[in-house]
Amino acid sequence: MKQGTTYQKLGDVCDVINGLWKGKKPPYINVGVIRNANFTKSFTLRYDNIEYLDVEVRQYEKRKLQKGDLIVEKSGGSEKQPVGRAVLFEREDGEFSFSNFTSILRIKDKESFNSKFLFYVLLFIYKRGDTLEMQKATTGIHNIEFEKYLNISVPVISLAEQERIVERLYAAFAQIDELKSNAERQLAEARALFQSALTQAMQPKPGWQEKTLGDITTSMADGPFGSNLKKEHYTDRPEVRIIQLSNIGEDGWREENTKYTTFEHLKSIQRSEVLPGDIVIAKMMPAGRAIICPSHEAKFVLSSDAVRATLKDNLNRRFVFYAINSPYFRKQVYENVSGSGRVRTSLTKLRACKLFIPSNDMQDNVVKQIDSLYKNVRDLEEINRKIAAECDAMKQALLRQIFE
């Protein structure tokens with residue numbers, strides 16, 4: 001901001017209202033409750049997954065959202081996404097409140113502060129990483145120390161100047177978002193083309209033999225690593241990688257958030273060791289997603305979220321990889337999941353799933369056809385990641401230019 005700009009504490013600018021509890025005393029009213037899950041990566045609200053609840057009228061009257069309210073995430077977050085995001089509520093119609101994992105900031109004097117201006121101030125603070133210093137983790141949940149959050153300094157400038165800044169940032173962000181949307185649209189089209197080609201390529205043709213996954217493997221196993229794993233089995237040293245659900249990505253192996261066990265512990269669970277070239281299949285949603293274990297100097301072992309399939313030598317691994325990721329195979333998986341909430345399949349059910357296997361020459365031809373499309377999608381995903389990062393950097397550069 002300009003030299004000489006004065007500042008007020010956020011807590012002096014806004015009233016704070018804590019989130020809604022359902023309560024147990026009638027009368028009740030059915031309202032849409034904004035949760036952390038409604039916050040988008042673009043720091044807006046999505047309304048297609050709103051949860052509607054019957055809540056006490058008395059509780060709701062004090063917590064009905066108003067246009068211009070800022071909803072702050074005070075609990076949640078993750079290692080990669082710090083708690084403390086703020087979004088602007090801009091609806092004028094409907095009955096909406098907010099969960100007890102959030103609080104709202106309501107401007108005290110609307111003649112002095114513009115809610116969109118305040119949103120951009122808080123976005124700048126969050127993107128700069130300031131909320132990292134305000135959070136604490138308890139039992140895996142990150143909580144913001146709200147007293148520290150309310151000490152954020154808000155620049156005091158004229159309402160006309162605030163509106164000018166809002167107009168400038170809104171126009172610039174819209175152009176940046178359009179650039180990002182175009183890249184995402186191209187990626188979505190490429191993925192749709194790939195899925196269509198994959199479905200067509202895996203349609204059984206004369207001479208193809210129906211097999212179960214168990215028929216074409218020399219062995220299958222799932223992993224021992226679940227919620228009951230003892231602490232002494234983990235290590236901070238990158239010895240043996242534990243393949244978890246988060247490592248089984250649409251674009252192959254994902255290294256982020258990898259956990260490790262020791263070589264010593266591996267000796268007792270060798271049936272679950274995964275070798276390069278093995279197919280690894282997710283047991284939980286997205287159940288059926290598969291990757292090929294990459295060649296790596298490190299060793300891999302399964303978590304209880306995944307199954308290893310070691311294929312017979314006469315098979316093209318990439319053909320089987322594509323067959324498992326095809327709609328025909330996935331449909332069988334989804335028809336046989338169990339549980340509520342976190343649904344899952346099992347080693348036995350995956351072993352019984354069917355797929356069609358052609359001759360070796362035909363397997364090779366199909367792989368050549370699909371590989372080029374698969375590479376195109378992977379290349380576009382990498383381009384999309386770079387564009388997303390560049391767009392985020394451009395927005396932060398604009399915010400710094402104005403608020404620093």
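Predicted model: local features only at pLDDT ≥ 70, side-chain atom pairs only at ≥ 80, totals over all residues.
Cys293 has a relative accessible area of 3%, and because buried means under 20%, Cys293 counts as buried. Now jump to Cys353. This cysteine is buried too, at 5% relative accessibility.

**Stop two: Ala298.** Next, select Ala298. You'll land in the loop between β22 (290-292) and β23 (299-302). Is Ala298 buried or exposed? Its relative accessibility is 12%, so Ala298 goes down as buried. Now show what touches it: leaving out residues up to four places away in sequence, Ala298 is in contact with Glu239 and Arg241. From C-alpha to C-alpha, Ala298 and Arg241 are 7.2 Å apart, although 57 residues separate them in sequence.

**Stop three: Arg330.** Move on to helix α8 (residues 327-335) and pick out Arg330. With a relative accessible area of 17%, Arg330 is under the 20% cut-off and therefore buried. Which backbone oxygen lies 3.4 Å from a polar atom of the Arg330 side chain? That of Gly288. Gly288 is also on the list of residues that Arg330 touches, together with Ala287, Arg289, Ala290, Ile324 and Asn325, again not counting residues up to four places away in sequence. Select that set along with Arg330 to see the contacts in one view.

Conventions:
Residues numbered from 1 in each chain as written. Heavy atoms only, no water. Helix = DSSP H or I, 4+ residues; strand = E, 2+ residues; numbered from the N terminus. Buried < 20%, exposed > 50% of the residue type's maximum accessible area, 1.4 Å probe, protein only. Polar contact = N/O pair within 3.5 Å; in protein donor to acceptor, adjacent residues only side chain to side chain. Contact = heavy atoms within 4.5 Å.
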